[in-house]
Structure formats: C-alpha cells, structure tokens
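These are my notebook entries on the elements I looked up, taken in turn.

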Amino acid sequence: MEITKIMEYVSILEVKNEKEIEITGLAYNSRKVEKGQVFVCIKGFKVDGHQFAGQAVENGAIALVVEDFIEGLEVPQYKVENGRVALATLADTFYNHPTRKLKTIGITATNGKTSTSFMTNAILENHGLTTGLMGTVVVKIGDYAEPSELTTPESLDLQRFYAQMVDAGVTHATMEVSSSALELNRVGCVDFDIVTLNNISREHIDLHSSFENYFMHKSSLIRNAGADKVAILNLDDKYSASLVNKTKAKVITIGVENQTADVLCKNLDLSTGRAIFTVDITRDLITSDFVIPKQQFQIELSTPGFHSVYNSMVSIVIGLLCEVPVETIQKSLFEFVGVERRFEIIFEEDFKIIDDHFANSGNIDITLGTLEKMEFNRVSLVYAIRGDRGVTVNKENAEAIARWAPRLGIHEITATLSRSHVTQKDVVSDAEVAVFKEVMDEAGIKVHLYEELPDAIERSLGEVTDGDLLLLAGCQGMDYGAKIALEQLETIRPDVDKKKLFQPLEKRVAGNS
C-alpha cells in the first residue's frame with residue numbers, strides 16, 4: 001500500500017522527511033517490526049514507544065507515526081496528536097474496514113460480559129451462522145480458537161482478527177468490550193451494529209482513577225453509537241438505565257424488577273437454582289431494518305444463578321435482532337451449560353468443586369449469593385489474590401468475602417499468590433497482600449497463605465469431606481486451579497474414572513497447557 005494513501009485517513013499535524021514509499025504493514029511493538037512496516041509510537045502508562053523508534057527502524061520500519069518528532073532518524077515521520085487514535089484508524093484502513101462487512105456485536109458490563117458473549121455465540125451458531133468471538137477467554141474465528149491475551153486486543157491486533165474473520169466467512173462477530181479498550185481507543189474504528197451495557201459496579205478504579213471515569217469510558221460504547229445501531233440497556237441497573245436518552249441508537253430495554261421495560265422477565269422460578277421464566281416482549285420493536293413482534297415465550301436455563309437471567313435476556317434480544325427463531329434461542333439456552341471458570345462445577349460426587357473467576361466485588365457477591373442458596377455441609381475457599389489490580393480492588397474483594405463469610409460459615413481461608421502460575425503482569429504486590437490480610441484480620445478470619453497454587457489446593461483438598469463444597473476462586477492466579485485439583489484428586493483416588501474426572505478440561509482454554 002502506498003503510504004500517502006493510508007495516511008489520508010489520519011489527521012496529520014506535520015510531516016518530516018516525507019517521500020513516496022510502499023508499506024507492507026503496521027506495528028506498535030518494536031521487537032515485532034518486519035521490513036517495510038510503519039511503526040506507530042504509542043505513549044503507554046509504563047512505556048513510551050518513542051523510546052524504541054530507533055530499534056524499530058533497525059528492525060525494518062521504513063516510516064514512523066509519532067506524537068513528537070525524533071531526532072537522528074531519517075525515515076519519514078508523521079506527527080499526530082494521539083498515537084493510539086492513529087493506530088486504530090490506520091489498522092482499520094490497512095485491513096479494509098473489516099467490521100463493516102460483519103454483523104458486529106459489542107458487549108460491555110462490569111459482570112457477565114463473558115457469559116453473555118458465549119450465550120450469544122451459542123444462539124447464533126445454533127442458527128447455522130459462521131461466528132467469531134473475542135473476549136477474556138478465547139479468540140474464536142469460525143472453527144479456529146486460541147486463548148486470549150487481553151480482554152480486548154490492541155487495535156492493530158483486533159482489526160487483524162476481524163480481517164481473518166471476514167476471510168474465514170464469518171458473518172456475525174461477538175466481542176467483550178472492556179473499559180480499558182474504550183479508554184485506550186482499541187475499538188475506536190470498530191463498526192458495532194449492536195451494543196449492550198448490562199450492569200456497572202466498582203472495578204478498575206485504580207486504573208481509571210475514579211468510578212466516574214470508569215463509567216464515562218464504559219458508557220461511551222452506548223453514547224457513541226449511531227442512529228442506525230441498536231443499544232440494549234438494563235432498566236434494573238441505574239447506570240445502564242441512565243443512558244436511555246444519551247444515545248442516538250435505537251434503544252431496547254430489558255427488565256426483571258422494572259416492569260416498564262420493552263422486554264420483560266415474568267413468572268421467574270429460581271427454586272432449583274436454575275431459572276425458568278417467561279419472556280414478554282410488550283410491543284413491536286422496530287429497528288432500522290427489522291421488526292421484533294410483540295410476543296411471549298418460555299425460557300429454561302441450565303446455567304445457575306439470578307445473574308444468568310440478565311445475561312440471557314441480553315443474548316435473547318441479540319438473537320432476535322439477528323433473526324434467530326425463538327425455538328432456536330430456547331434450545332440454545334437450555335443446552336448452554338456455562339463458560340469455563342464462571343461458576344463452573346468441575347467435580348460433583350461425594351463433594352463438589354466449583355471454579356469461579358472472582359474478578360471483583362460485584363462478581364463475588366453474585367457467586368457467594370448463589371452458594372447461599374445451595375445445600376452443603378461446609379465451604380472450603382481457596383482464593384488467589386488478584387495481582388497488579390491495585391489496593392482498592394483487592395480491598396473491595398476482601399471486604400466482599402468478609403461480608404459473606406459469616407452467612408456461609410467461613411471462618412478461615414486458604415489464600416495463594418500463585419507465583420509460578422501467573423505472568424509478570426499479574427504478579428501480586430506486597431501492598432495487595434497486606435490489604436487482603438488486613439481486611440481478613442479485622443473480620444476475624446484466619447488466613448493460610450501459600451506462595452504456590454498447588455500447595456494451597458492440596459491443603460484444602462485434604463480437608464474436604466462428604467457433602468462439602470470446595471470453591472476455587474480468583475482470576476489469572478486461579479486459571480490452573482481446576483487442572484491442579486483434578487490431577488491431585490487422581491492421585492488421591494487412583495481408582496477414579498479418569499475420563500469422567502478430566503472431562504471438564506476437554507474444551508478448556510485457560511490453564512490447561
């Protein structure tokens with residue numbers, strides 16, 4: 001591609017050493033630059049890409065996009081106001097605007113993004129559509145899947161994935177959209193057709209400096225949606241409901257408690273822990289290219305918990321907007337058993353082992369609230385402290401655990417730092433450990449702290465008896481927990497049916513290498 005052609009799409013402030021050249025691609029990581037590429041200098045929170053421009057040129061970069069001109073480099077330099085915005089625009093242009101060729105669905109929330117995305121994907125796939133999926137757990141392109149490195153990839157990687165989807169014949173792509181991706185402009189040029197915001201609670205406060213900033217970035221997915229788009233909002237969540245009149249998009253509202261919504265949950269039965277309810281679409285819902293008629297139908301979920309009702313309501317509306325028959329939606333949600341590490345029951349014989357990602361205080365409330373409705377003798381909690389998320393998030397997580405502990409009969413906790421099972425970006429700091437222990441001490445909860453994940457699981461697994469429930473809880477630090485626990489069970493019980501024991505790991509992506 002001729003460099004002047006691609007630069008037409010970017011707001012260039014000034015050019016240095018300009019000349020006509022053919023480029024082969026784009027890069028933002030100097031170590032991954034290939035010959036003939038344009039290197040885009042991004043100023044990050046920890047590292048400034050301008051410092052690596054020289055290395056990028058040595059590795060083959062033939063032009064630079066910069067926020068500040070760099071002396072001593074004779075390649076063309078294009079000065080822009082914001083490198084991240086430029087990267088998103090250039091990536092979208094280089095890959096020929098792939099999301100314009102897809103039905104693109106953006107799902108954001110504090111809790112439930114992953115489950116809602118997987119539910120949605122299951123509905124679309126069961127309708128015979130070729131689908132793509134991007135999020136916390138996996139990047140899926142048609143029949144191909146690989147583990148995710150980030151909830152939302154950097155804009156260049158994101159557009160490359162979308163281009164691969166187009167090439168693979170994907171027609172519908174569902175994506176978890178994180179607050180960080182919105183703030184850092186990773187999704188700046190993604191042409192979303194359907195956007196959703198289900199709930200907001202306190203998370204990533206240290207990253208965004210305040211809850212107000214967090215909500216501002218999170219809600220931008222809805223506020224920036226165009227008039228030809230559809231936004232699905234939850235009237236039971238005050239933050240989601242506040243956006244009804246703050247978007248140009250066609251708004252469709254859902255509600256369980258608020259019965260003024262467009263799509264209602266009625267006759268809810270949660271007596272077994274798995275919801276049965278009636279969906280009531282109270283009026284014809286008219287979008288720019290489709291009408292969802294007024295109607296009622298029943299839904300039976302296989303995933304447990306009240307939160308699954310909200311997640312499924314969003315996925316039901318998305319399915320209807322994508323012209324999926326009601327019968328297919330009903331069948332898909334009945335057969336959908338959940339997402340790995342989202343209240344996943346991995347062992348269920350004389351005692352239960354449940355694996356849950358415990359991302360934030362809201363998620364913890366949902367998980368432990370569901371446990372309260374279940375029958376068991378004793379809960380044994382193994383908790384992986386969340387690394388590199390700051391003191392605030394870890395304090396709020398600890399406080400949530402402490403609130404539920406007396407209601408669940410928890411008097412002690414086995415905690416771990418998972419030193420050998422996390423990457424550098426998820427290492428637990430001394431301050432994060434200290435605030436967790438401080439909250440537990442104040443609550444009178446004894447903490448057995450282990451450096452390594454296998455040791456923590458071994459301790460708790462050795463104490464479990466008939467009728468007990470072992471909860472493996474934590475984000476990246478607990479990704480390998482299920483595999484470790486099942487391998488330890490195999491050793492403890494050599495006569496166990498190994499195929500049945502390891503069945504929960506067969507399709508697992510996280511922590512299964």
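Which residues of H4 are buried? I list Lys113, Thr114, Ser115, Thr116, Ser117, Met119, Thr120, Asn121, Ala122, Ile123 and Leu124 as the buried residues of this helix. I note at the outset that the model is predicted.

**Entry on H4.** I looked up the extent of helix H4, which covers residues 113–126. Its 14 residues reach 20 Å from the first C-alpha to the last, close to the 20 Å expected at 1.5 Å a residue. I recorded the helix as mostly covered, with eleven of its 14 residues buried. After H4 I found Gly128, whose phi is positive and near 90 degrees.

**Entry on the sheet of eleven strands.** I traced an open sheet with mixed pairing and wrote down its strand order as E9-E8-E7-E10-E6-E11-E12-E13-E14-E15-E18. Strand E9 (144–147) and strand E18 (295–304) are the edge strands, each pairing on one side only. From one strand to the next, I noted an average twist of 20 degrees.

I then examined one pair within this order. Strand E7 (residues 131–134) and strand E8 (residues 138–141) run antiparallel and are joined by three bridges. For Leu133, I identified Lys140 as the bridge partner in E8.

I next turned to the helix pair. The axes of helix H10 (residues 307–321) and helix H11 (residues 326–335) come within 10 Å and cross at roughly 150 degrees. I logged the crossing of H10 past H11 as right-handed. On the H10 side, the contact is made by Ser312, Ser315, Ile316, Gly319 and Leu320, while H11 contributes Val326, Ile329 and Leu333. I sorted the residues of this contact into five nonpolar, three polar and no charged.

**Entry on H12.** I looked up helix H12 (residues 361–372), which has twelve residues. From its first C-alpha to its last it reaches 16 Å, close to the 16 Å expected at 1.5 Å a residue. Why is H12 described as largely enclosed by the rest of the structure? I describe it this way because nine of its twelve residues are buried, the cut-off for buried being under 20% relative accessible area. I list those buried residues as Ser361, Gly362, Asn363, Ile364, Thr367, Leu368, Gly369, Thr370 and Leu371. The buried residues of H12 pack against H10, strand E20 (352–356), helix H13 (390–408) and strand E24 (469–473).

**Entry on the sheet of six strands.** I traced an open sheet in the order E19-E20-E24-E21-E22-E23 and noted that its pairing is mixed. Strand E19 (344–348) and strand E23 (446–450) each have a single partner strand, so one side of each is left without a neighbour in the sheet. Direction ignored, I recorded neighbouring strands here as turned by 20 degrees against each other on average.

Within this sheet I checked strand E21 (residues 379–384) and strand E22 (residues 412–416), which pair in the parallel sense over three bridges. Tyr383 has Ala415 as its bridge partner in E22. Finally, I placed helix H14 (residues 430–443) across E21, E22 and E23, where it runs at about 155 degrees to E23.

Methods
Residues are numbered from 1 along each chain as its sequence is written. This is a predicted model: local features need pLDDT of at least 70, side-chain atom pairs count only at pLDDT 80 or more; totals for chains, interfaces and linings use all residues. Side-chain values use heavy atoms; hydrogens and water are left out. Axes are lines fitted to C-alpha atoms, for helices over the stretch in contact, and angles run from 0 to 180 degrees between N-to-C directions. Helices (H or I, at least four residues) and strands (E, at least two) are DSSP runs, numbered from the N terminus. A crossing is left-handed if the near helix is turned anticlockwise from the far one by less than a right angle, and right-handed if clockwise. Contact means heavy atoms within 4.5 Å. Ala, Val, Leu, Ile, Met, Phe, Trp, Tyr, Cys and Pro count as nonpolar, Asp, Glu, Lys and Arg as charged, and the others, Gly among them, as polar. Two strands pair if DSSP finds at least two bridges between them. The expected span of a helix is 1.5 Å times one less than its number of residues. Buried means under 20% relative accessible area, exposed over 50%, partly exposed in between (1.4 Å probe, protein chains only).
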